[in-house]
Amino acid sequence: MLKATGLTKTFNGGTPNEVRALDGVNLGFDDGAFVVVVGTNGSGKSTLLGALAGEFPLDGGRIELDGIDITGWPVYRRARWIGRVFQNPFAGTAPGMTIAENLTLAARRDRRFGLARALSRRRRETLVQKVQSLNMGLEGRLDHEIGNLSGGQRQALTLLMATWVKPRLLLLDEHTAALDPKTAAVVIRLTREIVGRDRLTTLMVTHSMQQAANLGDRLIMMHRGRIIHDVREEDKRRLRAEDLLERFEDLRRTEALDASAADLLRNHYV
Amino acid sequence: MSLLISAATTGFFLAMLVLGVYVTFRLFDFCDLTTDGSFALGAAVTAILLTADVHPVWATLAGAAAGAAAGALTGLLHTRMGIHGLLAGILVMTALYSVNLHIMGKSNVPLLSTPTLITLSEEFAARRLGVPENVMLLGWTVALRDVAALALGAGVVAVALLLAFVFFRTDLGTAMRATGDNPVMVRALGADTRNMLLAGVAIANGLVALSGALLAQYQGFADVQMGLGMLVWGLASVIIGEALVRTRRLGLVLVGVVMGSILFRLLVAIALRWGLEPNDLKLITAVFVLGALFLPGLLERLTRRKGAAGHA
């Protein structure tokens with residue numbers, strides 16, 4: 001169970017470039033929830049994900065995972081509980097090492113690395129099974145360097161690594177944004193399969209309205225560091241991509257109105 | 001022949017240094033200048049313990065441990081105090097110069113009258129194995145002392161290679177290798193990359209100091225200057241070793257790095273024999289490393305430009 005209260009974060013505070021990336025975000029969800037986050041550029045959706053992963057210290061607020069306060073925990077400590085797939089398909093794997101070596105590191109994410117053999121026979125067998133489940137034909141290339149694989153293949157393997165040890169929270173940061181549409185569809189299918197099979201508590205940030213409408217059981221729309229829509233259950237099931245686009249259009253109109261209203265006032269009174 | 005043997009023996013002892021440089025420079029992508037200081041530190045600690053009648057095995061291990069401590073200090077400066085990696089190494093290296101002088105009490109400690117690992121293995125060969133004073137090796141007469149030193153070097157290298165090979169294939173060792181390749185990923189998999197780097201730099205400098213300790217015993221003295229330029233020497237050997245095996249597979253690269261050490265030492269010995277001015281040695285080594293680092297990129301750019309011209 002995730003509970004985030006009053007998350008605030010300002011970048012470049014006190015300078016002309018000041019950005020209020022998170023402006024008092026409250027968010028809570030139960031085990032097994034699959035939450036999709038959408039928002040305009042600079043809305044704070046990626047910052048929210050970074051805050052949960054522990055990438056930077058918050059200005060304020062508190063994050064609890066399963067009742068334990070993890071607000072002050074560094075990235076690597078949270079990583080024992082939190083699985084993560086990055087937007088950059090090359091960020092989640094070590095290019096100079098083999099597929100097998102990369103994957104085996106994920107097998108003990110919840111524990112300290114010790115002096116046991118990294119690729120014991122038993123580990124290898126599990127590894128072959130896991131890679132076979134991807135249906136990408138990679139099980140025959142376990143000893144090839146991962147740097148030679150395509151972005152989609154690497155992203156699929158990263159997903160496998162992030163979920164090998166069942167995470168208490170899975171963070172997906174626009175993990176298909178850098179892939180071509182066909183590969184993106186494959187990775188989305190895998191995401192749906194794995195999240196559904198293990199009933200993983202998931203937070204997924206996406207740019208794709210189609211994904212946002214089709215995936216997950218709850219949708220959050222962010223704007224200027226705040227949550228402005230929170231669509232759940234029946235409403236989420238009925239939500240279509242067009243509805244989302246409409247809401248973004250509304251947002252744009254209000255923004256434009258704000259700006260022109262300000263101009264109007266300035267012309268009249270200054 | 002004795003030139004060959006002494007070059008090979010020195011190459012074996014320096015292989016520890018080369019392994020250490022390989023760990024920091026290649027596995028962690030960390031250019032560690034501590035190397036020059038910890039090489040002399042290993043020699044100094046071992047020499048002073050030997051003159052105090054400590055058993056050579058313990059004296060050598062103590063030298064290596066001192067090097068590991070120096071490496072850990074560089075790691076701490078870099079990861080916990082946020083000092084730039086190069087600067088952290090320079091600071092520790094500079095400090096070590098004074099430390100080494102304090103340890104030895106003077107700039108040079110001779111080891112001719114104390115037992116060393118070399119004299120121990122010579123005695124072992126003569127007493128237990130009954131090897132005569134002079135040995136026939138490939139039709140040449142060679143002094144027992146030289147053969148014993150060569151065997152010692154080969155033995156130490158074999159053990160170190162085996163340990164490195166096993167260690168870097170454990171969970172921890174694999175995570176260490178991944179740290180140099182993609183630290184973001186290693187953190188996302190639950191490991192503190194700062195500790196990985198710290199341990200790596202400590203292990204590497206332990207190897208470097210071990211190399212210094214062995215070389216001091218072989219050449220019969222420890223000198224405060226003996227670490228000068230050893231990092232660049234190690235880099236040259238690593239580059240040669242990698243060119244020899246042309247692969248990134250761990251086992252082969254480790255063996256290649258040792259071969260690189262011996263080959264480079266041999267090349268230098270031959271060049272000196274042909275009349276190369278010893279004073280120019282470091283200049284030539286530096287130019288060699290520069291070329292080896294710069295030329296592959298230059299060649300690639302040239303061929304790509306040619307390819308692009310062909311397309312246009």
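In this predicted model, the contact between the two chains draws 26 residues from chain A and 19 residues from chain B. On the side of chain B that touches chain A, the elements giving two or more residues are α7 (171-181) and α8 (183-188) of chain B. Helix α7(B) supplies the largest share of this side, seven residues. By residue class, the side of chain B that touches chain A comprises eight nonpolar, seven charged and four polar residues.

One residue of chain A with partners in both chains is G96(A). When neighbours within four places in sequence are set aside, G96(A) is in contact with E145(A) and G147(A), and also with D181(B) and R248(B). The position of G96(A) is in the loop that joins β6 (82-85) to α3 (99-106) of chain A. Between G96(A) and V35(A), which are 61 residues apart along the chain, the C-alpha atoms are separated by 34 Å.

Elsewhere in chain A, helix α1 (residues 45-53) is largely enclosed by the rest of the structure, because seven of its nine residues are buried. These buried residues of α1(A) are K45(A), T47(A), L48(A), L49(A), A51(A), L52(A) and A53(A). Just after α1(A) comes G54(A), which takes a positive phi of about 90°.

A positive phi is also found at R224(A), a residue other than glycine, where the value is near 50°. R224(A) belongs to the loop between β9 (218-223) and β10 (226-232) of chain A. There are 17 other C-beta atoms within 10 Å of R224(A), so this residue is partly exposed.

The largest nonpolar core has 159 residues. The members that touch the most other members of this core are V37(A), M16(B), L19(B) and A43(B). For L19(B), the contacts beyond four places in sequence are with A160(B), A164(B), L207(B) and V257(B).

V257(B) also takes part in the contact between two helices of chain B, α10 and α11. The axes of α10 (residues 230-245) and α11 (residues 250-273) of chain B come within 7 Å and cross at roughly 125°. This angle makes α10(B) oblique to α11(B), and the crossing is right-handed. On the α10(B) side, the residues that meet α11(B) are A236(B), S237(B), V238(B), I240(B), G241(B), E242(B), L244(B) and V245(B). Their counterparts in α11(B) are L252(B), V253(B), G256(B), V257(B), M259(B), G260(B), S261(B), L263(B) and F264(B). The residues of this contact divide into 11 nonpolar, five polar and one charged.

The loop between α10 and α11 of chain B contains R246(B). Phi of R246(B) is near 50°, a positive value in a residue that is not glycine. R246(B) counts as exposed, because it has 9 C-beta neighbours inside 10 Å, and the limit for an exposed residue is 12 or fewer.

Conventions
Residues are numbered from 1 along each chain as its sequence is written. Chains are lettered from A and ligands numbered from 1 in the order in which they are written. This is a predicted model: local features need pLDDT of at least 70, side-chain atom pairs count only at pLDDT 80 or more; totals for chains, interfaces and linings use all residues. A nonpolar core is a set of buried Ala, Val, Leu, Ile, Met, Phe, Trp, Tyr and Cys residues joined through C-beta atoms within 7 Å. A residue is buried if 20 or more other C-beta atoms lie within 10 Å of its own, exposed if 12 or fewer, and partly exposed in between; C-beta atoms are placed from the backbone. Two residues are in contact if their C-beta atoms, placed from the backbone, lie within 7 Å. Helices (H or I, at least four residues) and strands (E, at least two) are DSSP runs, numbered from the N terminus. Ala, Val, Leu, Ile, Met, Phe, Trp, Tyr, Cys and Pro count as nonpolar, Asp, Glu, Lys and Arg as charged, and the others, Gly among them, as polar. Axes are lines fitted to C-alpha atoms, for helices over the stretch in contact, and angles run from 0 to 180 degrees between N-to-C directions. Angles under 35 degrees count as roughly parallel, over 145 as roughly antiparallel, 65 to 115 as roughly perpendicular and the rest as oblique. A crossing is left-handed if the near helix is turned anticlockwise from the far one by less than a right angle, and right-handed if clockwise.
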